[in-house]
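Dear colleague,

Here is the structure that I promised to pass on to you. Please open it first and keep it beside you while you read the notes that follow.

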Amino acid sequence: MRERFWERFDLEELTGEEWEALCDGCGQCCLLKFQDEESGDLAVLNVACELLDIDSCRCSDYAHRFARVPDCTQLTPKRIDDFRWLPKSCAYRRVAEGRKLAAWHPLIAGGPERMHRKGISVRSFAVSQREVPEEELEEHIIAILPIDA
């Protein structure tokens with residue numbers, strides 16, 4: 001990868017490897033979400049996709065995630081504006097908005113542990129989708145995000 005690529009290149013100019021490395025691995029994008037059909041608002045749950053390894057906050061079957069989880073969405077540089085629900089801490093969002101990576105980001109800190117210790121990742125509060133019956137999902141809403149149309 002190119003040195004400090006996130007500061008030197010636009011998201012569209014990143015290689016596939018650089019794009020993947022930019023992910024801070026927080027797991028927040030893997031939390032289940034419900035969208036209100038009328039308002040467009042998103043309800044975010046503390047329930048993580050069944051494929052998320054909550055301890056590492058990484059997908060347990062990244063290569064096959066789209067086949068195994070049809071609702072899994074792929075974030076790409078061209079679609080970054082479609083993902084306005086990404087947390088302000090997200091590296092993709094930060095770089096797209098012209099902000100620097102946080103000091104806890106694995107590319108800066110040398111690994112993910114600082115991010116986990118700072119409470120950025122879902123490690124401390126997420127539960128697996130496998131553990132929550134579908135009829136109980138609404139009880140796990142932790143935030144409502146207004147999404148402008």
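Glu-138 sits in the loop that lies between β5 (127-128) and β6 (141-145), where helices (H or I, at least four residues) and strands (E, at least two) are DSSP runs that are numbered from the N terminus. Because its relative accessibility is 64%, Glu-138 counts as exposed; the word exposed stands for over 50% relative accessible area, buried for under 20%, and partly exposed for what is in between, with a 1.4 Å probe and protein chains only. Between Glu-138 and Asp-41 there are 97 residues in sequence, while in space the two are 14 Å apart, C-alpha to C-alpha.

Please keep in mind that this is a predicted model, in which local features need pLDDT of at least 70 and side-chain atom pairs count only at pLDDT 80 or more, whereas totals for chains, interfaces and linings use all residues. Residues are numbered from 1 along each chain as its sequence is written, and side-chain values use heavy atoms, with hydrogens and water left out.

As for the whole protein, its secondary structure comes to 6 helices and 6 strands, and from the N terminus on these elements follow the order α-α-β-β-β-β-α-α-α-α-β-β. Along its principal axes the C-alpha trace spans about 50 × 35 × 30 Å, and 40% of the 149 residues count as buried. If you look at contacts (heavy atoms within 4.5 Å) with a separation of 6 or more, 56% of them are accounted for by residues 24 or more positions apart.

The cysteines deserve a careful look as well. How many disulfides does a search of the whole structure find? The search finds 0, where a disulfide is a pair of cysteine sulfur atoms within 2.5 Å. Cys-29, accordingly, is in no disulfide, and the nearest cysteine sulfur, that of Cys-30, is 4.2 Å away; with 45% relative accessibility, Cys-29 counts as partly exposed. For Cys-59, the closest cysteine sulfur belongs to Cys-49 and is 6.2 Å from its own, which is too far for a bond, and Cys-59, at 26% relative accessibility, counts as partly exposed.

With kind regards
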